[in-house]
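Please read it beside the sequence and the coordinates.

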Amino acid sequence: MQRRLFLQHSAFLMASLGVSSYKFPFDTPYKIKELRNGVGVFTERGGTIAFASTSKGIAVVDSQFPEQSNHLIEALKGMSENPIKLLFNTHHHGDHSGGNISFKGIVEHVIAHENSLKNQKAVAEKQNTVEKQLFPDITYQDTHKEKLGKETIKMHYFGAGHTNGDSIIHFERANVAHCGDLVFNRRFPVVDRNAGASMSSWINVLDKINSTFDKDTIFVFGHAFDPEKITGTHEDIKAFKNYLEQLLGYVSQEIKAGKSKEEILKTTAIPNAPEWKGDGIQRSLTAAYDELTSK
């Protein structure tokens with residue numbers, strides 16, 4: 001089954017990249033899945049990568065870690081002579097931008113929100129890893145647009161959420177929108193308050209996503225509890241919004257009832273949001289408690 005699926009994925013890539021034949025290895029550590037109109041996703045270790053292949057070149061969204069990006073680059077180069085032109089970062093976290101360095105000397109531009117660049121530089125300086133980074137050379141505030149072949153790629157910033165620098169990258173022709181870590185599909189999220197995260201703002205950001213993109217949009221999520229469900233629909237975004245609302249409401253209620261932070265952290269499930277699973281519920285509870293008590 002895996003061999004057959006891989007051949008199907010390979011056929012999609014060859015067609016979209018204008019290649020008639022290519023010999024693929026079958027023991028690859030990664031998975032490539034086609035979405036539509038030349039846009040696909042790559043998963044291995046870290047946040048979901050998306051890519052768009054056009055007659056004028058290839059655009060990539062996020063980079064996981066250096067080893068994984070090298071695998072992606074090798075696969076794309078093996079299938080096409082078209083250059084990898086653009087690299088977009090949804091935000092600064094290492095599992096989404098750590099592999100940027102693998103694109104050094106390959107891509108023409110790395111693009112991210114201005115706060116993402118600031119966060120990436122701050123973390124690299126603190127960890128003494130500046131030399132291991134490829135920082136964005138183009139940043140924006142509200143929206144940014146690039147044209148590559150027949151595909152138009154538009155970046156949106158709707159405010160603080162998972163961090164204060166999260167972008168949604170929309171392949172307009174294919175109508176595929178990469179949400180980065182603004183959506184954790186049925187998996188407890190990371191809330192990076194050190195990088196300006198805000199769950200109350202995040203809820204508003206999710207509303208803006210649902211009102212901006214139409215019912216036919218395919219959404220790509222940064223992470224999912226089920227690794228096969230890193231893409232989805234408006235309903236998944238509404239479900240994640242409900243999780244954040246229920247989380248904030250529950251922690252607020254517990255605080256008003258006189259519960260201590262330690263008592264709240266003993267919670268094992270968020271009421272009315274039972275689908276969210278995995279490790280990290282205490283992380284979410286801590287972030288909610290800190291946000292609510294810092295006002």
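Rings of Phe, Tyr and Trp (for Trp, its six-membered ring) are taken to pair if their centres lie within 6.5 Å, and the planes of a pair count as stacked when under 30 degrees apart, as edge-to-face when over 60 and as tilted for the rest. By that criterion, ring pairs link Phe188, Trp202, Phe240, Tyr243 and Trp276 into a cluster. This is a predicted model, in which local features need pLDDT of at least 70 and side-chain atom pairs count only at pLDDT 80 or more, whereas totals for chains, interfaces and linings use all residues. Residues are numbered from 1 along each chain as its sequence is written, and side-chain values use heavy atoms, with hydrogens and water left out.

**Aromatic pairs and charges over rings**

- The structure holds seven aromatic pairs, among them the stacked pair of Phe240 and Tyr243, with 6.1 Å centre to centre and 10° between the planes.
- Phe240 and Tyr243 both belong to helix 6 (residues 234-256), where they are three residues apart, about one turn of the helix; helices (H or I, at least four residues) and strands (E, at least two) are DSSP runs, numbered from the N terminus.
- An α-helix has 3.6 residues a turn, so residues three or four places apart point the same way.
- Phe240 counts as buried because its relative accessibility is 0%, and Tyr243 is likewise buried at a relative accessible area of 0%, where buried means under 20% relative accessible area, exposed over 50% and partly exposed in between (1.4 Å probe, protein chains only).
- A charge sits over a ring if NZ of Lys or CZ of Arg is within 6 Å of the ring centre and within 35 degrees of the ring normal; the charged end of Arg45 sits in this way over the ring of Phe65, 4.2 Å from its centre, and that of Lys121 over the ring of Phe135, 5.9 Å from its centre.

**The second largest pocket**

- On a 1 Å grid over the protein atoms alone, a pocket is an open set of points with protein on both sides within 12 Å along at least five of seven lines, and its lining residues have an atom within 4 Å of a point.
- The second largest pocket is lined by 20 residues, of which His92, Gly94, Val123, Ala124 and Gln127 lie nearest its centre.
- Helix 3 (94-97) and helix 4 (114-127) each supply at least two residues of this lining, and helix 4 gives the most, with seven residues.

**Helix 2**

- Helix 2 (residues 66-79) has 14 residues and reaches 20 Å from its first C-alpha to its last, close to the 20 Å expected at 1.5 Å a residue, the expected span being 1.5 Å times one less than the number of residues.
- The buried residues of helix 2 include Gln68, His71, Leu72 and Met79.

**Loops and backbone**

- Most residues other than glycine have a negative phi.
- Asp62, although not a glycine, has a positive phi of about 75°; Asp62 lies in the loop between strand 4 (57-61) and helix 2 and is buried, with a relative accessible area of 0%.
- Asn175 also has a positive phi, near 55°, and is placed in the loop between strand 10 and strand 11 (176-178), where Asn175 counts as buried at 11% relative accessibility.
- Gly165 lies in the loop between strand 9 (151-156) and strand 10 (168-171) and is buried, with a relative accessible area of 0%.

Terms used:
On a 1 Å grid over the protein atoms alone, a cavity is a set of points where a 1.4 Å probe fits but cannot get out, and a pocket is an open set with protein on both sides within 12 Å along at least five of seven lines; lining residues have an atom within 4 Å of a point.
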